[in-house]
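Please load the model in a viewer and keep the selection panel at hand.

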Amino acid sequence: MNKRRFYFIAAIIILLYLIVILIGSAQISPLVLLVSLLATTISVATPLTLGALSGVFCERAGVVNIGIEGMMLTSAFFGWFGAVFLNTIWSVPPLASLLFGVLVAIIIGGLLGLLHAWLSVSLKVDQVIGGTVINILAIGITGFLNRQLFFEKNSIFGGQIPHAPGVLPRISIPFLVDIPVVGKVFEQQPIAVAAIVLVIVANFVLFRTRWGLRTRAVGEHPRAADTIGINVYKMRYWNVIIGGMLAGLAGAYFTIESVPSFEPLMTNGRGFISLAAMIFGNWTPFGAWAAALVFGAAQAFQINLQQFRAVIPPEWAFLQYSYVVGMVPYILTMVILTGVIGKTVAPAADGTPYEK
Amino acid sequence: MSIVLEAHGIRKQFPGVLANDDVSFDLKKGEIHVLLGENGAGKSTLMNVLYGLYKPDGGEIRVNGQAISMSSPRDAIEHGIGMVHQHFMLIPVFTVAENIMLGMESVRGLALDEKVVAERVRELSRDLGMELDPNAYVHDLSVGVQQRVEIVKALYRKAEILILDEPTAVLTPQEVEDLFKIMHDLTNRGVSIVFITHKLKEVLEVADRITVMRGGKVVGSTTPSEISEAELANLMVGREVSLTVDKAAAQPKETVLEVSNLRVLDNLGTVAVDDVSLTVQAGEILGIAGVQGNGQTELVRALTGLARVSGGSIRLDGQEVANASPRRITELGSAHIPEDRQKDGLVLPFPVMDNLVLNTYYLPPFSQGLVVHWDRALENANQRIEQFDIRTPSAMTHVGTLSGGNQQKVIVARELSRPIKLLIASQPTRGLDVGSIEYIHGQIIKRRDEGVAVLLVSTELDEVLQLSDRIAVMYRGKILAVVPAAEATKESIGLLMAGITEKKPA
């Protein structure tokens, strides 16, 4: 992540915020609005950050993972199912049920990672096709089970959408939360907090530890790693599994942290935007996080503008149309991927199966 | 002297080839043992077996008298065997220290301890007289320095047996000298070295003992004092080969290529070819000598239409061709044997047949209108394979699977089987074995005698001296001097290659 890229990201976020604050200040004080924007940005960026970290681990080890979307969706479903099952059938308290749901989501993600590793490392299937298989599988499995479990009369839930255990409660970060007004930003739900902690951890693991050095080595020049006795297959397997688990945690965000329900296709392309964030962030955790925040800010922009529709000045009338502001995050994705702010460099052996 | 490494009766079968057939080899403590053989003789296979990369189908390996079994390079490293591969096993985006510690990292707690490693790398390299900056990124280093990183990497793992697989193939003459110094220094410290090569001069210069391989078998063992260069060549190739080039005096005729005040920028925008003027006449060979990276690559790319010319003119047979398309230049009768045969000369996944018509497929008889007559291309391929002695299973074999020498023959066959006026040959024998070199030199001389103007670019000084009628020396983008080959000596050209134009006053 170079400075230029960082400034570019900061400039976009500030621009988006300024527009909202200029329009919204007629109704709400700018400071309160800023805090709300920041909180929304961090929350929306959570699955993207985790998805991008998933991509960083896989691709740094040399395996392209286009199946993050499917991993997220499947984990979102099973995590949700796990939490609901414990809560309604076994009457486990809501918080414990939700935490169990998160665990299920991570495990499902890890298993899909294992599947992807098996396809791409052992069977040497084209990695883009392997990932696509996972995406299609995810849509099929979650759609089918969602119908069977929640809409069939003779299912365990009796054809009723069960009463939800709710979502994970907000936690306050000590001291920071006490800062007047701005402190509210530091009141976040656990997965959002975990995502930020994981960015720091991932950066340390990849660039400061033995594991990270070896991971990057097998992603850059697997033969070189092999000649000094590093097990390329083992490194790739584990990193793709770790990537899967991160995508699983991202999946848990959708049904256990954001809203207390599952909808078919609810990940809605977030897995792919994560990959865009990973590329824009030049395959580094902090870069990926910064890029995820841009998408988060774009979403916050969209949500808030729709709220202030009535006070949008007539000369900015185009901002009244929800489909115009709704496009912003996706247009940003495209602009960013065209490489206007410099080229990024993928790991040299990214996407290439290793033949001994 | 005790024997530190011994391979006995090694057999290694690959699909279709017996790469090692009952090969025995031993290495004494503190010696340089040269393993000589042509490409495909089985040298690298044997060394990969000794380094644990290949599992042998038969035979025994002993280290310090003890039979060992190896299943991965890790085992070899544990037994004190280190290897510097022909294609370096370094990660370009890592620093020197990271590359060296990879696989046996020093850690403090969870974090890598780069300081300790950097200090040890500095010490170790200083001790060997080849100072390395542990914090430099490998992609910023020259090939020669990268090789030193590889050597330090092996010694960092406490290697006492060092296998160097064709280490001189990528080095300049000066770097080769430095490498030999380092090797002697290492053997004085008790390190034993296996040196793999197919360059005969080097063998006699550094070897304590020589083992020659051919066709997967050991065909002889000797010492430098018992054998001459010519005898070694015969043993290696299995027939009489001539190491000197026989040629009659040149009979230059009209000027074919006339370059004046040529200026070319490299891809970073710096001047790579600076005000170069030269002429090549029909029936003569103009050799361009110079250390790699002094603008020869850019000069050739400009002459063949592959790089933009930013100043000056190039006249081919009287026509201006600066910034003309490669096809136009080809059609005017220029043939090109490129420096990087795999990147610029061939389409590796294509069959031999297709590669032989890459510059003529669109012309009759191969094409008529929109239709390509593949039957004619096949007929053409079979003729060329016969005529140029290309060793390939069939015309439909992918070029990428052939040996380097045969790949080069495919290029030579394509370029020389049409009427040409100019031949631009850049590093035509790089990485080839004696037999192929002899053949390609013969072809170049033959074209000259038929009246083709030849521009030969080579960093092998011997090659330039042997083939050329006139020699131009290139240094930092300029032609320092053009001398008739008869007046050139290795020393005088060598000085020019280093940029020294006049003797200092005594």
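The stops cover chain A and then chain B.

**Conventions**

This is a predicted model, in which local features need pLDDT of at least 70, side-chain atom pairs count only at pLDDT 80 or more, and totals for chains, interfaces and linings use all residues. Residues are numbered from 1 along each chain as its sequence is written, chains are lettered from A and ligands numbered from 1 in the order in which they are written, and side-chain values use heavy atoms, with hydrogens and water left out.

**Stop 1: chain A as a whole**

Along the sequence the pattern reads α-α-α-α-α-β-β-α-α-α-α-α-α-α. The C-alpha atoms of chain A fill a box of roughly 65 × 60 × 40 Å along the principal axes. The radius of gyration is 21 Å, which agrees with the value near 21 Å for a compact globule of 356 residues; this radius is taken over C-alpha atoms, and the globule rule is 2.2 Å times the number of residues to the power 0.38.

**Stop 2: helices H2 and H6 of chain A**

Two packed helices are described by the angle between their axes and the distance between the axes. Select residues 30–60 (H2) and 190–208 (H6) of chain A: their axes come within 9 Å and cross at roughly 25°. Axes are lines fitted to C-alpha atoms, for helices over the stretch in contact, and angles run from 0 to 180 degrees between N-to-C directions. H2(A) is therefore roughly parallel to H6(A), since angles under 35 degrees count as roughly parallel, over 145 as roughly antiparallel, 65 to 115 as roughly perpendicular and the rest as oblique.

The crossing of H2(A) and H6(A) is left-handed; a crossing is left-handed if the near helix is turned anticlockwise from the far one by less than a right angle, and right-handed if clockwise. Show side chains for the contact (heavy atoms within 4.5 Å). On H2(A) the contact residues include Ile42(A), Leu50(A) and Arg60(A), and on H6(A) they include Ala195(A), Val199(A) and Phe207(A). The contact of H2(A) with H6(A) has 15 nonpolar, two polar and one charged residues. Here Ala, Val, Leu, Ile, Met, Phe, Trp, Tyr, Cys and Pro count as nonpolar, Asp, Glu, Lys and Arg as charged, and the others, Gly among them, as polar.

**Stop 3: helices H4 and H9 of chain A**

Move to residues 94–122 (H4) and 232–258 (H9) of chain A, whose axes come within 6 Å and cross at roughly 145°. The crossing of H4(A) and H9(A) is right-handed. Its contact residues divide into 16 nonpolar, eight polar and one charged.

**Stop 4: chain B as a whole**

Chain B has 17 helices and 24 strands. Its C-alpha atoms fill a box of roughly 70 × 60 × 50 Å along the principal axes.

**Stop 5: the four-stranded sheet of chain B**

In chain B, four strands form an open, antiparallel sheet in the order E2-E1-E4-E5; two strands pair if DSSP finds at least two bridges between them. The edge strands are E2 (17–28) and E5 (66–68) of chain B, each pairing on one side only. Neighbouring strands of this sheet are turned by 25° against each other on average, direction ignored.

Select E1 (residues 3–14) of chain B, which eight bridges join to E2(B). Ile10(B) stands opposite Val23(B) in E2(B). Asp22(B) also lies in strand E2 of chain B, and its phi is near 50°, a positive value in a residue other than glycine.

**Stop 6: a hairpin in chain B**

Strands E11 (residues 209–214) and E12 (residues 217–222) of chain B pair in the antiparallel sense over five bridges. Met213(B) stands opposite Val218(B) in E12(B). The hairpin has two residues between the strands, and Gly215(B) takes a positive phi near 55°.

**Stop 7: the six-stranded sheet of chain B**

An open sheet of six strands in chain B has the order E18-E21-E22-E15-E23-E24 and mixed pairing. Helix H14 (residues 404–416) of chain B lies across E18 and E21, running at about 175° to E18(B).
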